[in-house]
Amino acid sequence: MAVPHDSHETSYLLPPNSKDWEGHGIPDFVYGQEELVLEGIQWPRDAPGLPEDSVPPSRFDSVLCSAWRQRVELGLFRYRLGELQTQTLPGAVGFVAQLNVERGAQRRRPQSISSVKQAFDPALFNFNKIRPGEVLFRLLREPDLPGALQQEDILVMINVSPLEWGHVLLVPEPTRGLPQRLLPGALRAGVEAVLLSSHPGFRVGFNSLGGLASVNHLHLHGYYLAHRLPVEGAPSEPLDPGGHLHLLQAVPAPGFLFYTSRPGPDLEALIGRVCRATDYLTDREIAHNLFVTRGAPPGKTSHSSALTGVRVILWARKSSFGVKEGEAFNVALCELAGHLPVKTPQDFSSLTEAAALALIQDCLLPPAQAEEVQAALVALIAQDEQ
């Protein structure tokens with residue numbers, strides 16, 4: 001994604017001499033209500049992907065991408081991400097598969113995790129141990145935004161093993177040593193980051209422990225993918241009378257859909273519902289993944305539907321501790337959404353929709369447990385309406 005260079009962005013760039021990085025300080029990216037854009041962001045008509053330079057970048061996009069590009073040039077990543085081979089797998093789902101050999105081979109090995117509720121361990125790798133140059137900026141909301149009193153400082157830092165262009169981590173107050181358990185302030189920052197971007201393919205996600213989170217230190221992922229994904233317009237059915245919880249259908253895996261078309265109180269209410277659902281899952285040792293994307297409203301929608309709001313999709317799944325070797329891809333937040341980063345050229349050339357679905361469905365809860373979770377979340381949402 002090309003981004004124009006602008007003199008106003010220079011404060012987000014590191015000094016030329018690495019010896020000066022430590023004292024450089026972390027610049028603040030302060031945003032207000034007027035920068036949260038829900039209307040007018042669309043994919044090009046009849047195009048599965050998005051040509052480079054076809055979307056004017058927002059201020060958020062310009063700052064993130066220029067700072068990210070500089071870190072590429074400074075060699076702060078484990079590998080230099082080139083243009084990734086990409087294909088849409090034939091079939092009804094519309095999987096977007098990408099060959100990313102370096103990520104499969106060079107990413108940091110996941111930590112030893114044995115519980116969805118595992119405590120933070122300061123002796124293990126965490127985001128207080130990264131190099132100074134890896135932090136791009138601090139994401140700060142202006143006080144006029146709802147919920148600003150409860151906000152955390154959100155550091156936006158590079159993922160040194162990127163899966164796509166602009167891959168960053170959103171890390172709330174790293175010095176607090178928060179375990180990988182979703183909190184409202186972190187989710188709010190993730191949803192608002194999506195709204196700050198004018199690119200329809202900027203998405204944010206969360207992996208729980210047991211859901212392939214590789215570091216037990218609270219963080220969300222954000223990245224650009226210039227392709228539509230199945231979850232944006234997949235149909236859904238309401239699960240509660242108030243229409244606050246829906247079951248997403250006709251995608252790689254059934255998921256719980258939360259939707260809002262307005263920043264402000266509606267968004268705050270959505271954040272509360274989602275975090276009560278993830279608290280329920282965590283407390284019961286049920287692993288989960290979450291994906292935030294621009295998308296269509298719930299109901300009978302389609303792959304080409306307008307992006308009129310924000311979809312937050314939550315999947316409960318079997319716990320998986322550690323990365324499974326020898327499989328074409330590991331199932332976490334982006335795979336459940338339909339984006340498949342594939343590890344080897346052989347798997348990339350031979351992968352079929354049926355094989356991808358089999359890998360994903362092997363990670364889902366057994367039907368009886370899935371029904372139990374669904375009933376519990378419906379009851380949880382109903383309590384909010386009383």
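Val-30 stands opposite Leu-140 of strand β4. This model is predicted: local features need pLDDT of at least 70, side-chain atom pairs count only at pLDDT 80 or more, and totals for chains, interfaces and linings use all residues. Residues are numbered from 1 along each chain as its sequence is written, and side-chain values use heavy atoms, leaving out hydrogens and water. Helices (H or I, at least four residues) and strands (E, at least two) are DSSP runs, numbered from the N terminus.

- Strand β1 covers residues 28-31, and its side chains alternate.
- Phe-29 and Tyr-31 point to one face and are buried; buried means under 20% relative accessible area, exposed over 50%, and partly exposed in between (1.4 Å probe, protein chains only).
- β1 runs parallel to β4 (residues 135-141), joined by 4 bridges; two strands pair if DSSP finds at least two bridges between them.

**Nonpolar cores**
- A nonpolar core is a set of buried Ala, Val, Leu, Ile, Met, Phe, Trp, Tyr and Cys residues joined through side-chain atoms within 4.5 Å.
- The largest one has 68 residues, and Phe-60, Phe-137, Leu-139 and Phe-258 have the most contacts inside it.
- Another core, of 36 residues, lies apart from it; Val-231, Leu-257, Ile-313 and Cys-334 are among its members.
- Beyond residues up to four places away in sequence, Leu-139 touches Phe-29, Tyr-31, Phe-60, Ile-154, Val-156, Ala-189 and Leu-196; contact means heavy atoms within 4.5 Å.

**Helices α3 and α4**
- Helix α3 (residues 184-196) packs on helix α4 (residues 265-283) at about 130 degrees, with axes 10 Å apart.
- Axes are lines fitted to C-alpha atoms, for helices over the stretch in contact, and angles run from 0 to 180 degrees between N-to-C directions.
- The contact includes Leu-187 and Val-191 of α3, and Ile-271 and Val-274 of α4.

**Phe-95**
- Phe-95 sits in the loop between β2 (86-88) and β3 (96-99).
- Its relative accessible area is 0%, so Phe-95 is buried.
- Phe-95 and Leu-336 are 241 residues apart in sequence, yet 9.8 Å apart in space, C-alpha to C-alpha.

**Positive phi**
- Most residues other than glycine have a negative phi.
- Leu-212 has a phi near 75 degrees; this residue is in the loop between β7 (202-207) and β8 (220-224).
- Glu-285 has a phi near 60 degrees and lies in the loop between α4 and β12 (287-295).
- Leu-212 is buried at 18% relative accessible area, whereas Glu-285 is partly exposed at 32%.
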